[in-house]
Amino acid sequence: MKSRVMIAPSILSADFAAMGNAVEKLEKCGADLIHCDVMDGTFVPRITFGSQMVEAVKRHTSLPLDVHLMVVNPAAKIADFAAAGADYITVHAEACGDRLAETLRGIRAAGVKCGAVISPDTPFAAAEGALELCDIFLVMSVYPGLGGQKFIERTLAKAEEAKNAVVRRGLSCLVEIDGGITVENAGRVADAGVDVLVAGNTVFKASDMAATIAALRGGKCGA
Ligand code: DX5
Ligand code: ZN
């Protein structure tokens, strides 16, 4: 029996001037995790926020914080985000290079669940060797750096490839997909075996956030 897919709204699409309210509303509306998109202006052109925002978000929710580091040299940032209250820290294979396994171990050593991220043009094979170390494996279905982009269809096969590898090896690693998730494509993505759907634009643009989160999870969409 497939476990229920989890919804991790991305606060990248929230009103940054009212983040506390946004996070409280996400929890009230049934989100499972809060996806925190940290961008450093170098790994990706945009700068979003740092560990202080994660600390502030932590004060407004009991939900797990899923911190997605779109930064160069992520190993150097682990302690800061661990202290801020991150429950998951995911790091890009493209930013870690041959230090991916070491970086994942560093996250675990800081008492935080760890994960690898691969961008749309990075093959699953580039991070497969670190899968055993992951509590979560994040497949980007848009290019990192912006919310509101269109789902890149070809990335779904990679998410399936990751899930098949997790099942084949009997691992407990969650597979997460991130970017361009809508009420229209969520069912198909969940059917591919994905455990966590990240959705920013779809959730924050919704007139009925609770109904939209339920619809992303495959429930009936409100009225
Ligand atoms: C993009 C971020 C994603 C993005 C998802 O770099 O990692 O989490 O904000 O937002 P939507 O759902 O709007 O594509
Ligand atoms: Zn993200």
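**View 1. Asp135 sits in the loop between helix H6 (125–128) and strand S6 (136–140).** Helices (H or I, at least four residues) and strands (E, at least two) are DSSP runs, numbered from the N terminus. This is a predicted model, with local features needing pLDDT of at least 70 and side-chain atom pairs counting only at pLDDT 80 or more, while totals for chains, interfaces and linings use all residues. Residues are numbered from 1 along each chain as its sequence is written, and side-chain values use heavy atoms, leaving out hydrogens and water. Asp135 counts as buried because its relative accessibility is 19% (buried means under 20% relative accessible area, exposed over 50%, partly exposed in between; 1.4 Å probe, protein chains only).

**View 2. Here are the surroundings of Asp135.** Its side chain makes a polar contact with the side chain of Arg108 at 3.0 Å (a pair of N or O atoms within 3.5 Å; within protein, one must be able to donate a hydrogen and the other to accept it, and residues adjacent in sequence count only if both atoms are side-chain atoms). Leaving aside neighbours within four places in sequence, the residues in contact with Asp135 include Tyr88, Lys113 and Leu174 (contact: heavy atoms within 4.5 Å).

**View 3. Eight parallel-paired strands make an open sheet.** Their order is S1-S8-S7-S6-S5-S4-S3-S2, where pairing takes at least two DSSP bridges between two strands. Strands S1 (6–9) and S2 (34–39) stand at the edges with a single partner strand each, so one side of each lacks a neighbour in the sheet.

**View 4. Strands S7 (174–178) and S8 (196–199) pair in the parallel sense.** Three bridges join this pair, and Asp178 stands opposite Val198 in S8.

Methods
Chains lettered and ligands numbered in written order.
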